[in-house]
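Trainee: I have a model open and would like to learn how to read its features. Could you take me through them one by one?

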Amino acid sequence: MVADVVAAAAAGTTDAAELAAAGVETTTPLTADQLEAVNDALDAAAATDPVTSPTTPEELQALVDEAIAETDAVAIVVAESANDAPTQAELTAAGVTQADLTDDQLAAIDDALEAAAATDPVTSPTTPEELQALVDEAVAETDAVATVVAAAAADTTDAAGLTDA
């Protein structure tokens with residue numbers, strides 16, 4: 001049964017019934033976002049090393065639990081961004097890989113989350129992958145601005161530096 005779930009994930013079609021048949025238990029019905037995260041996690045495990053992708057119900061349960069926890073953490077980060085900038089701990093729990101984010105980077109991430117919610121709450125990040133992409137873009141923009149500011153302070157700013165930021 002676990003092999004059937006892994007195979008279905010490769011096609012992006014794993015559903016709650018297949019997970020239950022393979023022995024996965026959840027306390028609440030899975031949301032579409034959680035199922036997407038489970039499919040993504042299964043795909044990532046198979047792509048990284050097909051030999052180590054889940055082969056037992058216990059390994060599958062652990063993978064599902066981690067995917068659900070990260071998806072729930074993303075929802076917390078998005079919801080709390082309306083009040084405060086996310087913390088490093090909240091972002092890490094949601095699957096963001098950057099460590100040692102600066103206050104400026106955290107503020108830029110918060111601004112990006114607020115802009116995404118204001119533009120279209122439906123397209124706000126709902127998966128760790130979507131949140132990671134938003135974080136990557138916000139950090140890159142913040143770092144580019146910091147580079148231009150540093151160059152200006154050193155009086156080495158040129159037109160190319162300004163267009164990169």
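Trainee: How do the axes of helix 6 and helix 7 cross?
Mentor: Two packed helices are described by the angle between their axes and the distance between the axes. Here the axes of helix 6 (103-119) and helix 7 (residues 128-153) come within 9 Å and cross at roughly 125 degrees. Helices are DSSP runs of H or I with at least four residues, numbered from the N terminus. Axes are lines fitted to C-alpha atoms over the stretch in contact, and angles run from 0 to 180 degrees between N-to-C directions.

One word on the source: this is a predicted model, in which local features need pLDDT of at least 70 and side-chain atom pairs count only at pLDDT 80 or more, while totals for chains, interfaces and linings use all residues. Residues are numbered from 1 along each chain as its sequence is written, and side-chain values use heavy atoms, with hydrogens and water left out.

Trainee: What word describes how helix 6 and helix 7 lie to each other?
Mentor: Angles under 35 degrees count as roughly parallel, over 145 as roughly antiparallel, 65 to 115 as roughly perpendicular and the rest as oblique. Helix 6 and helix 7 are therefore oblique to each other.

Trainee: Is the crossing of helix 6 and helix 7 left-handed or right-handed?
Mentor: A crossing is left-handed if the near helix is turned anticlockwise from the far one by less than a right angle, and right-handed if clockwise. For helix 6 and helix 7 the crossing is right-handed.

Trainee: Which residues in helix 6 and helix 7 meet?
Mentor: Contact means heavy atoms within 4.5 Å. From helix 6 come Asp104, Gln105, Ala108, Ile109, Ala112, Leu113 and Ala116, and they meet Leu131, Leu134, Val135, Ala138, Val139, Thr142 and Asp143 of helix 7. By class, the residues of this contact are 10 nonpolar, two polar and two charged. In that count, Ala, Val, Leu, Ile, Met, Phe, Trp, Tyr, Cys and Pro are nonpolar, Asp, Glu, Lys and Arg are charged, and the others, Gly among them, are polar.

Trainee: At what angle do helix 3 and helix 4 pack?
Mentor: Helix 3 (residues 32-48) and helix 4 pack at about 125 degrees, their axes 9 Å apart. That makes helix 3 oblique to helix 4, and their crossing is right-handed. In helix 3, Asp33, Gln34, Ala37, Val38, Ala41, Leu42 and Ala45 meet Leu60, Leu63, Val64, Ala67, Ile68, Thr71 and Asp72 in helix 4. This contact has 10 nonpolar, two polar and two charged residues.

Trainee: Is Ala37 buried or exposed?
Mentor: Buried means under 20% relative accessible area, exposed over 50%, and partly exposed in between (1.4 Å probe, protein chains only). Ala37 has 5% relative accessibility and counts as buried. Beyond residues up to four places away in sequence, Ala37 touches Ala67 and Thr71. Ala37 and Glu70 are 33 residues apart in sequence and 8.3 Å apart in space, C-alpha to C-alpha.

Trainee: Where is Glu70 found, and what does Glu70 touch?
Mentor: Glu70 belongs to helix 4 (residues 57-80) and is partly exposed, with a relative accessible area of 23%. Leaving out residues up to four places away in sequence, Glu70 touches Ala93, Ala94, Gly95 and Pro128.

Trainee: Which side chains make a polar contact with Gln98?
Mentor: A polar contact is a pair of N or O atoms within 3.5 Å; within protein, one must be able to donate a hydrogen and the other to accept it, and residues adjacent in sequence count only if both atoms are side-chain atoms. Gln98, in the loop between helix 5 (88-93) and helix 6, has such a contact with the side chain of Gln132 at 2.7 Å and with that of Asp136 at 2.8 Å. Asp136 itself sits in helix 7 and, at 35% relative accessibility, is partly exposed.

Trainee: What polar contact does the side chain of Thr14 make with Asn39?
Mentor: The side chains of Thr14 and Asn39 are joined by a polar contact of 3.0 Å. A polar atom of the Thr14 side chain also lies 3.1 Å from the backbone oxygen of Val5. Thr14 is in the loop between helix 1 (2-10) and helix 2 (16-21) and is buried, at 6% relative accessible area.

Trainee: What is the phi of Asp100?
Mentor: Most residues other than glycine have a negative phi. Asp100 has a positive phi of about 55 degrees although it is not a glycine. Asp100 lies in the loop between helix 5 and helix 6 and, at 72% relative accessibility, counts as exposed.

Methods:
Helix = DSSP H or I, 4+ residues; strand = E, 2+ residues; numbered from the N terminus.
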